[in-house]
Amino acid sequence: MNLSTTNFRTLALSVCIGLAVTGCGSQQTKPVSAMSAAEKAQLAQAQDQVGSIIDSSIGKFKAAEQDQVAIYSQLFFQKAEKDIAKLKEMQKEFNPEKSGLFDSGYSLKDIQEQATEANNNTQKAVKTKQLIITHLKEILDNQQYIEGLDLSKFEPEYKGLQSDVKRLFKDLETTGQFQGLEDDKLKVLNDLRAFEVSVIREKYYSHPQKELDELPEDTLPVTYKEAQKRLTTLSNTIQSTPRAMETIELRQKEALKALARAQNTLKEINWIDENTNKGLEHVVLRYHKPMDRAFPNILKEDHSELVFEDQVSKYSYLVTTLKSSLQKEVSSLDEATIKAEAQKIADQQSAELKKKLEGTHNKALQENATATNEAVAKAKQEEQLRFEEEKKQLAATHKQKLDTALAERNKLQMDLEKASLELTKLREAHRLAQEQLQLKDQELKTAATEKAQPTKTNQQEPKQLAASTTSAPKRNSVASAPEVQKAPAPAPKETAPAASDETFSFDFEIEDVKL
């Protein structure tokens, strides 16, 4: 029983829902063609209002997009972008008459709510950028500096750091406040700094340290320690001030020099070990040889008899003495001599400069001449092209005028043909009219002739004759008057040619005269 009741209730509910859907969905939007002028005006006003709302939301979103908000906002900017796309679709399906849940399209209220959502998400995205720039500017600056370094060997590590930075930005965007994220910021800053130190260390320190580690410290106790000391100073400088590039490069230069000395010392030791079987004299002479070649030629004195250390001391003394002597010689020169020497040097330099300038001037003249020739050639080419273009334009204009004249001629010819045809028709009509007039004339003449012959009727009195003459038509009176008709008029020949208009009127004049 309970099951049947439940099924009945379910069936009844389905029927009610179906009726509701049918009733609500039966409302149809009136087509524009069936609307009155007032309804059309209301529809246009509603559409303008919807367009204004959507344009305002799109304008705010575009401003945020141009301000590169997408770089900082990972959540709200994408939501705003989807909201704007939804608004554009809703505008296409706008239904100002929508009133029920099941009506098609979107009402003005639906579009207003969607626009509000889009504006809120855009505003939150803009706020996210402001929060990041305000509270996480150090991280942004470090990112910008690090990306200017050579990161070819550190791409995986830097991608991990970027993920940490994005996560921090996202947390700030989600919460909408910096409070509570101080420790996360400090950790990201420390990681970025450690990464920067690693990149600088790899560039300036790692390779020299690796080369030093390959040297035998026991064989080079002095030079090895010196090189290690310099490299330690370089490492400390990188660790404390990784962006002090001038200092870092100076410390690297000192470390490389100490490392080179240790490497060369090892080479000397190895050479000595390899040549010990040749005798120690061979080793000693090897070190004397450069001094025996150089200093006697320079100082004009030979002290090869001294031990190596004394030779170095002696030659150093002589070099110092020679330097002092030269300085005294220079200082003893009077001002005039110095000026003369200076003038001489200046003249030499001036002559060299003049020669160089002349060469430069000649080269410039040559280049100018070449440029001028090229410009002239280019101008001629452009003039030729312009002439060809004008010729084409003139030919086109002439052709157009010729086509127009031919068209006008053809039109006039057609008009002439039509006029000729009309004239032919008129001439034919005139000929037909003349023939009809000629036939009429013949009929009249025949009738006049027949009536002009003498009748066998009795003579009437002059009074009756005058009365009948007065009452009869003119042509009939002419035909019946006995006094005038002395002889019968000859009958017209049937083969006479057609008379013209002038002949017709001339015949009538003759008739009148006879009367």
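Gln179 is exposed, at a relative accessible area of 62% (exposed means over 50%, buried under 20% and partly exposed in between, with a 1.4 Å probe and protein chains only). This is a predicted model, in which local features need pLDDT of at least 70 and side-chain atom pairs count only at pLDDT 80 or more, while totals for chains, interfaces and linings use all residues. Residues are numbered from 1 along each chain as its sequence is written, and side-chain values use heavy atoms, with hydrogens and water left out.

**Loop residue Gln179**

- Gln179 sits in the loop between α6 (155–175) and α7 (182–204); helices are DSSP runs of H or I with at least four residues, numbered from the N terminus.
- Between the C-alpha atoms of Gln179 and His135 there are 9.9 Å, and the two residues are 44 residues apart along the chain.

**Aromatic pairs**

- The structure holds three aromatic pairs (rings of Phe, Tyr and Trp, the last by its six-membered ring, pair if their centres lie within 6.5 Å; planes under 30 degrees apart count as stacked, over 60 as edge-to-face and the rest as tilted).
- Phe61 and Phe77 make a stacked pair, with 4.9 Å centre to centre and 25 degrees between the planes.
- This pair links distant parts of the chain, with Phe61 in helix α2 (residues 37–66) and Phe77 in helix α3 (residues 76–92), 16 residues apart.
- Phe61 and Phe77 are both buried.
- Phe154 and Phe195 are paired edge-to-face, at 5.8 Å centre to centre and 85 degrees between the planes.
- Here too distant parts of the chain are linked: Phe154 is in the loop between α5 (137–146) and α6, and Phe195 is in helix α7, 41 residues apart.

**Helices α10 and α11**

- Helix α10 (residues 245–275) packs against helix α11 (residues 280–299) at an angle of about 140 degrees, with the axes 9 Å apart; axes are lines fitted to C-alpha atoms over the stretch in contact, and angles run from 0 to 180 degrees between N-to-C directions.
- That angle makes α10 oblique to α11 (under 35 degrees is roughly parallel, over 145 roughly antiparallel, 65 to 115 roughly perpendicular and the rest oblique).
- Glu268, Trp271, Ile272 and Asn275 of α10 meet His282, Val283, Arg286 and Tyr287 of α11 in this contact, where contact means heavy atoms within 4.5 Å.

**Charges over rings**

- Arg286 lies over the face of Trp271, 4.2 Å from the ring centre (CZ of Arg or NZ of Lys must be within 6 Å of the ring centre and within 35 degrees of the ring normal).
- Arg243 lies over the face of Tyr145, at 4.0 Å from the ring centre.

Methods
Helix = DSSP H or I, 4+ residues; strand = E, 2+ residues; numbered from the N terminus.
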